Amino acid sequence: MNNYNTRFFAKILLFGEYSILLGSDALSIPFRYFKARLQIINSMTSDLDTAKKSNLQIRAFYNYLKEKKSFNNILDLTAFHNDLDAGLYFQSMIPQNYGLGSSGALVAAIYHSYYKEKTEDNKLLCNILSEMEAFFHGCSSGIDPTTIYLNQTLIFDSNKKPLPVISPFADFNKNLGIFLIDTDVQCKTNHLVDDFLNTFTNESKPSAKAIELLELNNKCIEKFIEGNRLDFMQELGRLSIFQLENMQQFIPENIREFWQQGMENNELIMKICGSGGGGYMLAFASDRKRAIEYMKNIQCSFIDVRIN
């Protein structure tokens with residue numbers, strides 16, 4: 001295995017959860033608070049049972065890739081198999097089933113270690129990583145592993161083409177707060193995707209509510225990239241209300257009152273993070289320091305997100 005010391009970070013999908021299925025844009029950032037890397041089991045491996053379990057899980061992934069003939073031309077599957085026999089495992093601090101790209105990080109790491117010829121075409125890269133990650137979720141947009149692999153803030157257009165974002169983050173983030181709120185609930189993605197499509201599409205066509213969600217999502221991305229904090233918070237508030245009213249099945253019951261109170265108190269504006277249903281929720285505040293004190297006072301478990 002090459003580059004086994006390369007670290008891969010978590011990711012946060014700021015905007016585009018579910019609406020990307022309808023053709024919206026998406027905005028994704030690397031999140032360097034959590035990291036992971038491929039390792040080989042040795043005498044220094046601290047948690048041998050976890051490492052062996054990881055090795056078995058990666059073997060199942062290897063078998064999936066081997067069965068798909070196209071990956072024989074993309075990845076060095078012989079080297080991959082040899083490393084599995086040598087004790088390959090994924091040493092990861094990224095929480096699973098929390099919407100932070102734990103499977104995307106593994107996909108990015110495997111591609112990085114075993115690609116035969118590196119592609120400079122980011123759209124092709126996204127397609128390759130999407131097909132790889134489908135093993136874990138049934139289907140994948142490729143957004144998570146692409147963001148993690150490139151380690152860049154990216155905007156994905158309706159054709160899933162990833163483009164680096166040039167944004168006035170320094171000025172924009174001077175007072176703006178972005179937080180991950182821990183729901184203390186784990187959740188799988190698959191059934192939630194089906195729930196969303198059943199709720200927001202009619203005969204595979206977007207409903208009126210779906211189009212409204214798509215437009216709200218794209219407006220938030222537009223104002224965020226522009227660095228217009230006032231307009232951004234207004235658009236975000238509209239998206240937050242929409243999700244609370246129309247997507248309650250994606251918001252754990254134990255967080256709904258907190259969601260409502262934060263908005264009414266003008267302290268936090270919340271939205272779904274990733275697939276929702278559990279894991280982390282996203283919260284934004286126009287006054288970062290005040291929001292931190294607010295969450296500490298009510299003993300809310302949160303992580304402060306800083307965009308580089």
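Reader: What is the bridge partner of leucine 180 in E11?

Author: That's isoleucine 303. Bear in mind that this is a predicted model, where local features need pLDDT of at least 70, side-chain atom pairs count only at pLDDT 80 or more, and totals for chains, interfaces and linings use all residues. Residues are numbered from 1 along each chain as its sequence is written, and side-chain values use heavy atoms, without hydrogens and water.

Reader: What makes E6 and E11 a pair?

Author: DSSP must find at least two bridges between two strands. Four bridges join E6 (residues 177–182) to E11, so the two count as paired. They run antiparallel. Strands here are DSSP runs of E, at least two residues long, and helices are runs of H or I, at least four.

Reader: Why do E9 and E11 stand at the edges?

Author: The open sheet has the order E9-E10-E6-E11. E9 (269–272) and E11 (302–305) each have a single partner strand, so one side of each lacks a neighbour in the sheet.

Reader: How do you know that H9 and H10 are roughly antiparallel?

Author: Angles run from 0 to 180 degrees between N-to-C directions, and anything over 145 counts as roughly antiparallel. H9 (residues 229–246) and H10 (residues 253–264) pack at about 150°, with axes 11 Å apart, and are therefore roughly antiparallel.

Reader: Which residues of H10 make the contact with H9?

Author: Trp259, Gln260 and Met263 do, against Gly237, Ser240, Ile241, Gln243 and Leu244 of H9. Contact means heavy atoms within 4.5 Å.

Definitions and conventions
Angles under 35 degrees count as roughly parallel, over 145 as roughly antiparallel, 65 to 115 as roughly perpendicular and the rest as oblique.
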